[in-house]
Amino acid sequence: VSFSAADSALVSGWWLQGAEKAPVVVIASRGSGTMGDLLPAAQQFLARGFTVLTFDYRGFGPNATSEETDSLRYIVFDSQWVDDMLGALRYARVRGQGHVFAWGQDLGSAVALAGAARDRQSCDAVAVEGLFRTSQDALLANGTSVLQEIVVRHRRLVQTPDEPFSAASRLRVPLLVVLAGKDEVTPAATTKAVAARARVR
């Protein structure tokens with residue numbers, strides 16, 4: 001399928017139909033930026049009676065250049081991907097016949113949280129696994145904060161309200177947080193601190 005992102009860019013995705021009137025799970029891509037690596041998760045959701053919508057972040061997928069794909073080594077978050085997620089949630093709301101849920105792991109957690117926080121009508125709940133506080137904190141954790149141009153670039157790419165620490169405080173739908181005790185990229189303590197900002201169930 002194709003649908004419009006929140007900023008009107010065209011996004012490509014897969015609509016995997018579950019049972020009639022099944023709730024829809026919109027899956028935000030992980031660190032690859034593509035929907036292909038989400039097929040095992042999508043299959044699990046389908047087996048449990050959900051319809052699934054997943055999508056490529058703009059610049060990724062079959063038509064991506066090697067330069068775009070390689071950029072994920074340095075780009076940890078981008079508000080354009082939140083635009084893509086919000087477009088996916090809105091598409092699912094219109095096309096689906098049941099509840100709509102946002103789900104993400106890794107990078108997808110930040111994208112799903114920010115997308116749901118931007119528009120309270122877009123989904124009915126959010127589930128995430130692992131959250132960083134801000135993109136600048138993520139750069140510090142992965143060692144790329146020593147590259148000044150990358151730090152400056154993130155200030156342009158990421159809108160402050162989309163940072164997980166900010167987005168959590170604006171969330172108005174229930175939030176499920178999965179804590180992975182051995183996760184060194186997004187430690188449980190950091191995820192808890194971000195989730196504590198949410199004043200929702």
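Reader: Which strands does α4 lie across?
Author: This is a predicted model. In it, α4 lies across β3 (24-28), β5, β6 and β7.

Reader: And what angle does α4 make with β5?
Author: About 150°.

Reader: OK, the sheet. What's the strand order?
Author: β1-β2-β4-β3-β5-β6-β7. That is 7 strands in an open sheet, with mixed pairing.

Reader: How much twist from one strand to the next?
Author: The average is 25°.

Reader: Do β5 and β6 run parallel or antiparallel?
Author: Parallel. Strand β5 (residues 100-105) is joined to β6 (residues 125-129) by 5 bridges. G104 sits opposite V128 in β6.

Reader: Back to helices. At what angle do α3 and α4 pack?
Author: About 65°, with the axes 8 Å apart. The crossing is right-handed. Residues in the contact include W81, M85 and L89 of α3, and L107, V111 and R118 of α4. By class, the contact has 10 nonpolar, 2 polar and 2 charged residues.

Reader: Now the largest pocket. How much space is in there?
Author: About 330 Å³.

Reader: Which residues lie nearest its centre?
Author: V76, D106, A138, N142 and V185, out of 14 lining residues. The lining has 8 nonpolar, 3 polar and 3 charged residues.

Reader: Which helix gives the most to that lining?
Author: Helix α5 (residues 135-142), with 3 residues.

Technical notes:
Residues numbered from 1 in each chain as written. Predicted model: local features only at pLDDT ≥ 70, side-chain atom pairs only at ≥ 80, totals over all residues. Heavy atoms only, no water. 1 Å grid on protein atoms, 1.4 Å probe; cavity = no way out; pocket = protein on both sides within 12 Å on 5 of 7 lines; lining within 4 Å. Points joined across faces, edges and corners; volume = space filled by probe spheres on them. Helix = DSSP H or I, 4+ residues; strand = E, 2+ residues; numbered from the N terminus. Nonpolar A, V, L, I, M, F, W, Y, C, P; charged D, E, K, R; others polar. Axes fitted to C-alpha atoms, helices over the stretch in contact; angles between N-to-C directions. Left-handed = near helix turned anticlockwise from the far one by under 90°. Contact = heavy atoms within 4.5 Å. Pairing = 2+ DSSP bridges.
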